[in-house]
Amino acid sequence: MSTSTSTPVQTREIHLASRPEGRPTPENFRLVSSDLPELKDGQILVENRFMSVDPYMRGRMNDRKSYSAPFRLDAALDGGAVGEVIASRSGAHKVGDVVVHQLGWREHAVVDGSAASTVPAGLAPDSAFLGALGMTGLTAYAGLLKVAEFKEGDVVFVSGAAGAVGSMVGQIAKAMGAGKVIGSAGSPEKVARLLELGFDAAFNYNDAPVVDQLRDAAGERGIDVYFDNVGGDHLEAALEMLNVGGRVAMCGAIAQYNSTEPPAAPRNLAVAIGKQLTLRGFLVGGQRAHAAEFREKMAAWLADGTVRYDETIVDGLENAAGAFIDLLEGANTGKMLVRL
């Protein structure tokens with residue numbers, strides 16, 4: 001086994017202490033010290049540098065069947081992380097490699113070598129491989145181009161557009177020749193940032209009904225593609241404004257993740273019949289066949305400045321739960337990360 005000069009035998013991690021009812025609170029989480037197991041053949045020990053907090057994690061905190069297994073109580077949470085290999089019994093990874101894996105929410109992780117991907121040196125900062133060059137970027141790329149079947153000239157509406165995925169979607173659409181890109185966000189500062197990133201129009205969904213602001217932004221041209229990160233009134237508004245043959249990529253519904261009652265909207269779903277709309281839900285795990293194509297395109301876009309990305313970084317594992325709670329309240333611009 002290869003190791004660095006001092007290999008830790010303990011680490012700190014965040015456990016799910018109780019299942020949230022509605023909005024999560026700090027009391028739902030617990031910071032715990034735990035022993036690190038001895039490495040087995042094929043495993044690596046990673047010192048995490050950054051971990052991701054993502055909206056989908058809220059669903060995993062509920063004890064119900066979904067596309068991803070619920071988090072267990074009194075056990076470490078998990079999610080995307082990037083860090084340095086500090087000990088290795090894997091032929092695929094050596095000490096000093098930087099890898100991406102799925103055992104976040106802890107400062108050190110024992111990871112099966114087959115479950116870690118080495119990050120190319122010098123391509124981008126480590127954190128980018130959790131965002132623009134990682135699952136976030138792939139979600140945006142595949143969701144827009146493969147799921148929504150974007151075509152040059154399309155008018156695209158993106159909800160939650162200042163978030164990690166949404167900001168990528170709008171910029172990719174512009175890079176691929178969109179006729180117009182419209183974004184919604186929750187503050188004047190975020191709206192201004194979307195315009196800086198090249199969105200043609202953006203509005204604050206707190207200022208007036210979404211459907212009225214979307215109608216003003218789209219004009220008589222309407223919209224052809226809606227990338228949905230929010231659900232609720234945003235989906236209802238998009239259905240109203242979509243043209244015949246319009247397409248919806250259903251990526252998330254953050255407006256209702258903390259809800260204890262089923263949402264009322266969209267109340268106009270029947271318009272999908274006459275307009276011959278396509279509404280497709282998707283998970284990034286089903287889009288991995290496009291990963292190589294995505295990485296090649298995104299690396300070039302980042303290199304020449306066509307696509308830019310924002311990060312909201314919170315320092316310290318002890319602040320990870322707060323970062324996650326803030327994410328659900330829209331406190332982030334771009335990708336929400338915890339620096340460990």
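## The parallel sheet and its helices

Which strands does helix H6 (residues 232–241) lie across? In this predicted model, H6 lies across E9, E10, E12, E13 and E14, and its direction runs at about 155° to E13.

Those strands belong to an open sheet of 6 strands, in the order E11-E10-E9-E12-E13-E14, with parallel pairing. E11 and E14 are the edge strands, each pairing on one side only. From one strand to the next, the twist averages 15°. Inside the sheet, E12 and strand E13 (residues 242–250) run parallel and are joined by 5 bridges.

Helix H4 covers residues 188–196, and its buried residues are Lys190, Val191, Arg193 and Leu194. These four sit on the same side of H4, because they cover an arc of only 160° around the axis.

After H4 comes Gly198, with a positive phi near 105°.

As a general point, nonpolar side chains tend to be buried together in soluble globular proteins. The largest nonpolar core in this model has 46 residues, and Leu144 and Met298 touch the most other members. Elements giving two or more residues to this core are strand E6 (98–101), helix H2 (135–147), strand E9 (155–158), helix H3 (164–175), E10, H4, strand E12 (223–228) and helix H8 (291–304). The largest share, 7 residues, comes from H2.

What does Leu144 touch, leaving aside residues up to four places away in sequence? Its contacts are Glu149, Phe150, Val156, Val169, Ile172, Ala173, Val225 and Phe227. Apart from this core lies another, of 21 residues, which includes Leu16, Trp105, Leu327 and Leu328.

## Aromatic pairs

The whole structure holds 8 aromatic pairs. One of them joins Trp105 and Phe324 edge-to-face, at 6.3 Å centre to centre and with 70° between the planes. Trp105 lies in the loop between E6 and strand E7 (108–112), while Phe324 is in helix H9 (residues 320–328), so this pair ties together parts 219 residues apart in sequence. Trp105 is buried, with 0% relative accessibility, and Phe324 is buried with a relative accessible area of 0%.

The rings of Phe227 and Phe282 also make a pair, and it is edge-to-face because the planes stand at 75°, with the centres 6.1 Å apart. Phe227 is in strand E12 and Phe282 in the loop between strand E14 (278–281) and H8, so the link spans distant parts of the chain, 55 residues apart. Phe227 counts as buried at 0% relative accessibility, and Phe282 is buried with a relative accessible area of 10%.

Phe29, Trp105 and Phe324 make up one aromatic cluster.

## Strands E2 and E3

Phe29 also takes us to strand E3 (residues 29–35), which runs antiparallel to E2 and is joined to it by 7 bridges. Leu16 stands opposite Phe29 in E3. How is strand E2 (residues 10–16) placed in the structure? It is largely enclosed by the rest of the structure, because 5 of its 7 residues are buried.

## Two loop residues with positive phi

Asp74 is a residue other than glycine with a positive phi, near 55°. You will find Asp74 in the loop between helix H1 (57–60) and strand E5 (81–88). Is Asp74 buried or partly exposed? At 48% relative accessibility, Asp74 counts as partly exposed.

Gln276, again a residue other than glycine, has a positive phi near 55°. Gln276 lies in the loop between helix H7 (271–274) and E14. With 56% relative accessibility, Gln276 counts as exposed.

How values were computed
Residues are numbered from 1 along each chain as its sequence is written. This is a predicted model: local features need pLDDT of at least 70, side-chain atom pairs count only at pLDDT 80 or more; totals for chains, interfaces and linings use all residues. Side-chain values use heavy atoms; hydrogens and water are left out. Buried means under 20% relative accessible area, exposed over 50%, partly exposed in between (1.4 Å probe, protein chains only). The arc is that of the directions from the helix axis to the C-beta atoms. A nonpolar core is a set of buried Ala, Val, Leu, Ile, Met, Phe, Trp, Tyr and Cys residues joined through side-chain atoms within 4.5 Å. Contact means heavy atoms within 4.5 Å. Rings of Phe, Tyr and Trp (its six-membered ring) pair if their centres lie within 6.5 Å; planes under 30 degrees apart count as stacked, over 60 as edge-to-face and the rest as tilted. Two strands pair if DSSP finds at least two bridges between them. Axes are lines fitted to C-alpha atoms, for helices over the stretch in contact, and angles run from 0 to 180 degrees between N-to-C directions.
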